[in-house]
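Please look over the sequence and the three-dimensional structure shown below before starting on the exercises. Each exercise sets a task and then works through the solution.

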Amino acid sequence: MGRMHSSGKGVSGSALPYKKTPPSWVKSTSAEACEHICRLAKKGMTPSQIGVVLRDSHGIPQVKSLTNTKILRILKANGFAPEIPEDLYHLIKKAVSIRKHLERNRQDKDAK
């Protein structure tokens, strides 16, 4: 799909840093990060929401560079992993909402 106000068709996105070590300005330790992850999981947050909260509120840019393990693996080790994967959950949720919409609006041919 092309851009509206220019002729470009590029795909923009951010790339992770090549360096695997955490930045020098990160003051948290891996134990503190694991505690934060477990506490947020007890509140019912998904792994992606936990990553956003750690990035925005606690100043941890990448959990994997700090702890050498991903958020989901930390959750599995502590018994907080979700029953079904997060991406599959959102696909099911979207399908249910479309089906409910079609039941209410039978004349909507585009959503079909």
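Predicted model: local features only at pLDDT ≥ 70, side-chain atom pairs only at ≥ 80, totals over all residues.

Residues are numbered from 1 along each chain as its sequence is written, and side-chain values use heavy atoms, with hydrogens and water left out.

**Exercise 1.** Describe how helix α1 and helix α2 cross, and list the residues that meet.

Solution. Two packed helices are described by the angle between their axes and the distance between the axes. Helices are DSSP runs of H or I with at least four residues, numbered from the N terminus, and axes are lines fitted to C-alpha atoms over the stretch in contact, with angles running from 0 to 180 degrees between N-to-C directions. Helix α1 covers residues 30-42 and helix α2 covers residues 47-57; their axes come within 10 Å and cross at roughly 130 degrees. That makes α1 oblique to α2, given that angles under 35 degrees count as roughly parallel, over 145 as roughly antiparallel, 65 to 115 as roughly perpendicular and the rest as oblique. The crossing of α1 and α2 is right-handed, a term used if the near helix is turned clockwise from the far one by less than a right angle. Next come the contacts, where contact means heavy atoms within 4.5 Å: His 36, Ile 37, Leu 40 and Ala 41 in α1 meet Ile 50, Val 53 and Leu 54 in α2. Six of the residues in the contact of α1 with α2 are nonpolar, one is polar and none is charged; here Ala, Val, Leu, Ile, Met, Phe, Trp, Tyr, Cys and Pro count as nonpolar, Asp, Glu, Lys and Arg as charged, and the others, Gly among them, as polar.

**Exercise 2.** Work out how α1 is placed against helix α4, and which residues meet.

Solution. Helix α4 spans residues 71-78, and the axes of α1 and α4 come within 10 Å, crossing at roughly 75 degrees. That makes α1 roughly perpendicular to α4. From α1, Cys 34, Ile 37, Cys 38 and Ala 41 take part, and they meet Ile 71, Ile 74, Leu 75 and Asn 78 in α4. By class, this contact of α1 with α4 holds seven nonpolar residues, one polar residue and no charged ones.

**Exercise 3.** Do likewise for the packing of α2 and α4.

Solution. The axes of α2 and α4 are 9 Å apart, and the two helices pack at an angle of about 115 degrees. That makes α2 roughly perpendicular to α4. The crossing of α2 and α4 is right-handed. On the α2 side the contact is made by Pro 47, Ile 50 and Gly 51, and on the α4 side by Ile 71, Leu 72 and Leu 75. The contact of α2 with α4 divides into five nonpolar residues, one polar and no charged.

**Exercise 4.** Is Val 63 buried or exposed, and which residues does Val 63 contact beyond four places in sequence?

Solution. Val 63 lies in helix α3. Val 63 has a relative accessible area of 8% and is therefore buried; buried means under 20% relative accessible area, exposed over 50%, and partly exposed in between, with a 1.4 Å probe and protein chains only. Leaving aside neighbours within four places in sequence, Val 63 is in contact with Ile 37, Leu 54, Asn 68, Thr 69, Ile 71 and Ile 74.

**Exercise 5.** Find which side chains meet in a salt bridge.

Solution. Side chains of opposite charge can pair when their charged atoms come close. A salt bridge is a side-chain nitrogen of Lys or Arg within 4 Å of a carboxyl oxygen of Asp or Glu, and a search of the whole structure finds one. The side chains of Arg 55 and Asp 56 meet in a salt bridge, at 2.8 Å from N to O. Asp 56 is exposed, with a relative accessible area of 53%, and Arg 55 is partly exposed, at 47%.
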